[in-house]
Amino acid sequence: MRAVEFCNTLKHQRFNFFVGVPDTILKGVIEVLSADSEIRYIGATREEEAIGIAVGASLGGQQPVVLMQNSGLGNSIGALASLPLLYKIPLLLLISWRGYQRKDAPEHFVMGKCTVNLLKDIGITAETLTNRNYDEAITRAARIIQERQVPAAILIKEGVIS
Amino acid sequence: MKGYDAIVRIMRALKGDELVVSANGMISRELFAVRDSPNNFYMLGSMGLASSIGLGLALALPDRKIVVLDGDGNLLMNMGSLATTGDLSPTNLVHVVLDNESYVSTGGQPTACRTVELEKVARSCGFKLSKKIKDAELLEANMGELLRTDGPAFVLVKVESFWKQAPRVSHKPEVIKRRFRDSVKTSVARQRRKCGARL
């Protein structure tokens with residue numbers, strides 16, 4: 001799918017505050033979000049910082065999304081555990097899945113293998129995006145976030161969003 | 001000046017409608033002891049992120065003053081937040097750092113702030129105002145002024161490495177969130193009614 005369709009689906013689910021750290025897989029999405037005057041995209045220096053900003057925005061009444069590479073998920077485990085999971089803060093995580101099946105640079109192999117289990121172990125529901133399911137995947141994640149007041153994640157492999 | 005006295009002075013300078021985010025450890029506990037309020041978001045874990053939560057709030061609620069009560073150990077963990085805040089420059093954010101040059105909650109181990117001058121880092125990152133204060137009277141007077149001025153503002157308060165044994169925050173995390181969110185919602189609704197009346 002095209003980045004603009006993906007972003008429109010997110011906006012349709014009322015997500016309106018985006019903060020993240022860039023990744024090649026997310027490049028197109030970040031470009032579309034940054035050019036959209038109806039919403040806000042903020043670049044953070046690290047992924048935990050992005051989670052802190054998103055939590056503040058949620059407390060201020062916004063519907064936040066955090067974008068990051070899965071290596072950044074490694075940076076974020078402590079922050080996720082003791083902030084949005086502790087206070088029950090609704091938050092969507094869009095995580096690019098580098099190192100999937102080791103078809104990537106070697107620095108991504110370890111995180112590529114453990115990304116899904118890491119999320120599962122800290123109690124965050126994750127769904128992998130495909131060209132066919134993106135509308136349903138975003139709707140499902142939005143429902144989990146709102147009903148349970150928790151973070152939920154969508155994993156994005158290379159080549160799914162152009 | 002002791003950390004507790006600094007918090008007393010700061011809270012005395014506030015009008016009461018400011019939203020306060022406090023760093024984990026002694027700062028949240030002392031704030032809870034000095035003045036518990038639904039307008040306080042006590043950060044219990046996620047060390048380093050008080051400044052980022054404050055930034056998110058400041059961007060989401062441009063008509064509210066946001067005060068972050070941070071610690072030197074906390075800010076050293078998330079110095080990147082100064083860069084992000086300086087770059088975005090929300091005018092409604094006052095970032096106060098109580099600097100005792102140590103990690104008091106965990107036994108008083110020294111931090112790099114015996115060398116690093118955080119107020120200079122903040123200025124270099126683009127904060128509109130940045131001050132270093134050692135005197136309690138001056139702190140109260142300056143806080144009043146900073147709350148009336150467009151920021152982002154940064155205040156480094158040098159405090160003694162000593163804290164009373166304040167009790168832990170007794171509210172459950174979800175309660176802290178719920179009453180904070182309710183307080184924000186109520187004031188947003190009040191603001192809308194006021195604007196409607198003016199039209």
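Trainee: Let me start with one pair of strands. Which residue stands opposite B:Lys131 in β8(B)?

Mentor: Opposite B:Lys131 stands B:Val155, a residue of β8(B). Keep in mind as we go that this is a predicted model. To read a strand pair, look for the bridges that link the two strands: two bridges are enough to call them paired. Here β7(B) and strand β8 of chain B, residues 153–158, are joined by five bridges and run parallel.

Trainee: How many strands are in the whole sheet, and in what order do they come?

Mentor: In chain B, six strands form an open sheet with parallel pairing, in the order β2-β1-β3-β4-β8-β7. The edge strands are β2 (40–42) and β7 (129–133) of chain B; each has a single partner strand, so one side of each has no neighbour in the sheet. From one strand to the next, the twist averages 15°.

Trainee: And in chain A, what is the strand order of the open sheet?

Mentor: Chain A has an open, parallel-paired sheet of six strands, ordered β2-β1-β3-β4-β6-β5. At its edges stand β2 (40–43) and β5 (125–128) of chain A, and because each has just a single partner strand, one side of each is left without a neighbour in the sheet.

Trainee: How many helices and strands does each chain have in total?

Mentor: Chain A has seven helices and six strands, while chain B has eight helices and eight strands. Along the sequence, chain A reads α-β-α-β-α-β-α-α-β-α-β-α-β.

Trainee: Now helices. At what angle do the axes of α3(A) and α4(A) cross?

Mentor: Picture a line through each helix, then ask how close the lines come and how they cross. The axes of α3(A) and α4(A) come within 7 Å and cross at roughly 45°. An angle under 35 degrees would count as roughly parallel, and 65 to 115 as roughly perpendicular, so α3(A) is oblique to α4(A). Their crossing is right-handed. From α3(A), the residues that meet α4(A) are A:Glu47, A:Glu48, A:Ile51 and A:Gly52; on the α4(A) side they are A:Gly72, A:Asn75, A:Ser76, A:Ala79 and A:Leu80. By class, this contact has three nonpolar, four polar and two charged residues.

Trainee: What is the handedness of the crossing of α1(B) and α7(B)?

Mentor: That crossing is right-handed. Helix α1 (residues 3–13) and helix α7 (residues 136–148) of chain B have axes that come within 8 Å and cross at roughly 35°. Residues from α1(B) in the contact include B:Ala6 and B:Ile10, and those from α7(B) include B:Leu139 and B:Met143. The contact divides into seven nonpolar, one polar and four charged residues.

Trainee: How many residues does each chain bring to the contact between A and B?

Mentor: Count each side separately: chain A brings 24 residues and chain B brings 29. On the chain A side, α3 (47–59), α4 (70–82) and α5 (84–87) each supply at least two residues. The chain A side is made up of 13 nonpolar, seven polar and four charged residues.

Trainee: One last thing: which residues does the cis peptide bond join?

Mentor: The cis bond joins B:Gly151 and B:Pro152, with omega about 10°. B:Pro152 sits in the loop between α7 and β8 of chain B. Phi deserves a look too: A:Gln101 is not a glycine, yet its phi is positive, near 50°. You will find A:Gln101 in the loop between β4 (91–96) and α6 (109–121) of chain A.

Technical notes. Residues are numbered from 1 along each chain as its sequence is written. Chains are lettered from A and ligands numbered from 1 in the order in which they are written. This is a predicted model: local features need pLDDT of at least 70, side-chain atom pairs count only at pLDDT 80 or more; totals for chains, interfaces and linings use all residues. Two residues are in contact if their C-beta atoms, placed from the backbone, lie within 7 Å. Helices (H or I, at least four residues) and strands (E, at least two) are DSSP runs, numbered from the N terminus. Ala, Val, Leu, Ile, Met, Phe, Trp, Tyr, Cys and Pro count as nonpolar, Asp, Glu, Lys and Arg as charged, and the others, Gly among them, as polar. Axes are lines fitted to C-alpha atoms, for helices over the stretch in contact, and angles run from 0 to 180 degrees between N-to-C directions. Angles under 35 degrees count as roughly parallel, over 145 as roughly antiparallel, 65 to 115 as roughly perpendicular and the rest as oblique. A crossing is left-handed if the near helix is turned anticlockwise from the far one by less than a right angle, and right-handed if clockwise.
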